Each structure stands twice: as C-alpha cells, then as structure tokens.
Amino acid sequence: MTSPAASAAPLPGAPFVCYQNGRLMVEGVALSELARQHGTPLFVYSKAAILAALAAYQRGLAGREALICYAMKANSSLAILKLLADAGCGFDIVSGGELERALAAGATPSKIVFSGVGKTRAEMRRALEAGVGCFNVESRAELDVLSEVAAASGVRAPVSIRVNPNVDARTHPYISTGLKGNKFGIAHDEALAAYRHAAGLPDLRVVGIDCHIGSQITESAPYLEAMDRVLDLVTQIEAAGIPIHHIDFGGGLGIDYNGDTPPAADVLWQQLLGKLDARGFGSRKILIEPGRSLVGNAGVCLTEVLFLKPGEQKSFCIVDAAMNDLPRPALYEAFHRIVPLAEAGSTADAVTYDVVGPVCESGDWLGRDRVLAVQQGDVLAVLSAGAYCMSMSSNYNTRPRAAEVLVDGVSARVIRQRESVQDLWRGESP
Ligand code: LLP
C-alpha cells in the first residue's frame, strides 16, 4: 500500500480513483492488491468519495431545515448505510426489508420516509411500530388501507402524498417516473382531492408532500419545473386548510458515466432554493432522497480477464463479472467506463472488444466496442459501479454474489463476504 499522491489526477467520473506509479488506486489502496487478497469480482467503495458527495448536498442546503434521506435502493450494504447514518442522513425506503436493513445499520426511525406504490399491510404495521417519520403514499387506495392499519395499531400514521407532476425528466424511459403514463404518485390534478380525503381520515396525519420525477437526471430544468408544480399544489392544499410541514423533492440527480455533465448538488440546490425563496417557501422544511449521486461514482467493480476470443466480426474480452453482478448494461444498455488496473502495463496490442461475462445470454455484456490492451489474467475496473449494481445483483446461473470492500485512506475492510454456493440453496429442499 502506498499513500495517496495529491498530484495524481482522478479518472473522469471516478473521484478518489487514480493511477499512481502505474497502478490504479482507490484513495491510498492499490486495487491490484485488493483483487489479489479478496478475489474477483469485487466491489470496492471509497468512503471519502461518499462523504464528499454528501458534503455537496450539505453545502447546498446549509442554513435550511433539511433532511437528506439516502435512497438506500442504490446501495443497501450495511456499512454504507451506517456511514451515511453516522453522517446524519435519514433513509428513503421502499420495502419492509429495507426498513429492517436501515434499522440494523443504526438509522433513526423518525428520519425514515417510506416510499413505494405497493406497501403491504404487514409492512405498514411494522413501519408504524418502528416509528418511521413519514409514509409517502402513492394512491387513494393506499391512504384508506394505511388509515385502517394505523387505527388497528392505535397510532396516527404521518403521511405525505407523492404527486406526479407530469414533468419529463429526459432520462431513460425505465427510470423516468414523473410522467402521466408512469405508475408512480397521484396525478397533479387529483392531488388536492386526495389531500382532502387524507385530511378527513382520522387515523392519518398529513405532514408533507413529495415528488420524484426520475433518475440519472442531468439537467436542472426538470427539477425547477417540478418544483413549480409542487409549490402550486402546496398553495392550493394550504388554502383548503391543510398545512404542509415539509416538502420532499425526491432524488434523481445524475452522475458522470460517460461524459455526462449533471449540475453539482450544491449548484442545483442554489438554483432550487432561489426559486423556493422567490415563491415564499424558503423557511419550509425540505427533504430530499438522493441515491445514485451519493454512491454511484464512489464504487468500482474489479473483474479478471478469463479469456480473449478474437473473431471475424467481434472480438470478445470474457471477464468473470457478469450481468448478475452488474445488471445495468443488460437492463438499460447503460455505459460504464472500463479501465485496466495497470496503466499501460500490458504488452498486448490494443484491440476493440465487447467486454462480456460468463452468463449464457447475449445480453450479458458490460461494455461494447471498448479499446483495451489486455491479456488473460489482467484485472479490469468497471467504474461508476457504486449505485444500482450490487443492490440489483442476482444469483442467475447459480453465481454467488461478489464481495465488497470499503476503503478509508490507506486501509480497506471487507464489508460483505463473498457468497458461498451453499448460501445459494439455503432453504431449498431437493
Ligand atoms: N426516491 C424515489 C421514490 C425513487 O424511486 C428513487 C429511485 C430515488 C428516490 C433515488 O433516485 P436516484 O437519486 O438514485 O436517482 N436501477 C436504475 C435506477 C432506478 C431508480 C429508481 N428510483 C438504474 O440503475 O439506473
């Protein structure tokens, strides 16, 4: 291990990842060393990168009554949750499983918001018992069921209605959520009636309003538009005698995967707070639910080159990570940069490869048409792999899930052991 050289330039889209003396480092730890010790595929996260991403939001919201609820679906490993809980974050959860994970990591229940279109009665009961801060309710039917569950539990459920502002986030259709045709939220023009309904249910307590228009958003305009639409509603709802204590603007800020240039979190919030102030809502409590932008660029996935397979039409670089480990390319044709651990270390010729995994599907690719000078046994790093990779991984092809390591300065610790094959059939009967 070497100490970090201040002069080494971080790779694009990967703060705290840089080549030093020819070796790719995360903070002060050589990735080749981690691959040797822990094997591959291996996820490696930088603590400093996560805290720096959080600090941008904290700077942007400084001086305001604000709560950052990390959308833990992006990466729900306990150590990452604990790191963010210790730094003051609350959590945005979408299932009973996420609730238990957040609590196990030391979350403060009152700082948890519970989102999602399909909460079960059992999940509602457990969340009420735990004392979550707010249910982000997505339909009138859910309001009724939550009220019944709250009555049976002898408590009043704190609610916010997720409104669908019908704003185009201009992102991939699978991760766009704020348009009329999406399953999320209550339509803007039905929201006032839904608030009246909620306020009339004795076992609910209206506390806020929320929206979330999509993910990997790379412009400010959709946020500003959604904010205007939400503030219009707050005015109408309060005029109807229903006070709105907090406004939750969701998550969605994008990261740099491939030269993307989203606004920095503090810059975005300067713009949004400007609008909030101008419209007279400057002293209102603000909640936000960022996921990807806190962890996405803080992680890499290390994978070994198993075989090179030259071909007439395509040449393949077959690696030991696959769509079960890194599902984003297969699901969304997403781009992740892929770089070797040794800077110009290989004597091999540069060849254009499709980087593919061992899973038996043509959709199992990690990168297409990548120019790489690699040979069998080399290790590659897939960048921007901190969000929606491990948390969406599966055991397809009976592949145990990868291990995870958290780097802090010059030290590194395993935060999730590699799964064993026996783990995979626990609970099954032949
Ligand atoms: N709040 C709610 C209600 C959400 O549905 C989401 C993400 C977030 C917050 C956090 O959004 P973020 O800040 O991470 O963009 N698997 C996809 C992303 C799915 C996002 C789903 N909802 C991907 O890999 O691109």
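Me: Where do D86 and K82 sit?
Reply: D86 and K82 are both in helix 3 (residues 78-86). They are four residues apart, about one turn of the helix. Keep in mind that this is a predicted model.

Me: What kind of bond do D86 and K82 form?
Reply: A salt bridge. The closest N and O atoms are 2.6 Å apart.

Me: Why would side chains pair like that?
Reply: Side chains of opposite charge can pair when their charged atoms come close.

Me: Is D86 buried or exposed?
Reply: D86 is exposed, because its relative accessible area is 56% and the cut-off for exposed is over 50%. K82 counts as partly exposed, at 43%.

Me: Which residues join into one salt-bridge network?
Reply: D228, D232, K275 and R279. Their salt bridges share partners.

Me: How many salt bridges does the count come to?
Reply: The count comes to 21.

Me: What does D408 pair with in a salt bridge?
Reply: D408 pairs with K47. The closest N and O atoms are 3.4 Å apart. D408 lies in strand 21 (residues 403-408) and K47 in helix 2 (residues 47-60), so the bridge ties together parts 361 residues apart in sequence.

Me: And how accessible is D408?
Reply: D408 has a relative accessible area of 39%, so it is partly exposed.

Me: Which residue does R59 meet in a salt bridge?
Reply: R59 meets D266, at 3.2 Å from N to O. R59 is in helix 2 and D266 in helix 9, so this pair links parts 207 residues apart in sequence. R59 itself is exposed, at 51%.

Me: New topic. Which residues of the largest nonpolar core touch the most other members?
Reply: Y70, F91, F135, I209 and W269. That core has 105 residues. Helix 8 (residues 221-239) gives the largest share, eight residues.

Me: What is in the second core?
Reply: The second core is separate and has 22 residues. Among them are V17, L31, L34 and V405.

Me: Back to helix 8. What span should its 19 residues have?
Reply: At 1.5 Å a residue, they should span 27 Å. The end C-alpha atoms are 27 Å apart, so the two values agree.

Me: Which residues of helix 8 are buried?
Reply: P222, Y223, A226, M227, V230, L231, L233, V234 and I237.

Me: What comes just after helix 8?
Reply: G241 does, with a positive phi of about 85 degrees.

Me: Last one. Where is R284 found?
Reply: R284 is in the loop between helix 9 (265-278) and strand 14 (285-288). R284 counts as buried because its relative accessibility is 18%, and buried means under 20%.

Me: What does the side chain of R284 reach?
Reply: The side chain of R284 reaches the backbone oxygen of I244 at 2.7 Å. A polar contact of 2.7 Å also joins the side chains of R284 and E238. Leaving aside neighbours within four places in sequence, R284 has contacts including E65, V234 and H245.

Conventions: Residues numbered from 1 in each chain as written. Predicted model: local features only at pLDDT ≥ 70, side-chain atom pairs only at ≥ 80, totals over all residues. Heavy atoms only, no water. Helix = DSSP H or I, 4+ residues; strand = E, 2+ residues; numbered from the N terminus. Buried < 20%, exposed > 50% of the residue type's maximum accessible area, 1.4 Å probe, protein only. Polar contact = N/O pair within 3.5 Å; in protein donor to acceptor, adjacent residues only side chain to side chain. Contact = heavy atoms within 4.5 Å. Core = buried A, V, L, I, M, F, W, Y, C linked by side-chain atoms within 4.5 Å. Salt bridge = Lys/Arg side-chain N within 4 Å of Asp/Glu carboxyl O. Expected span 1.5 Å × (residues − 1).
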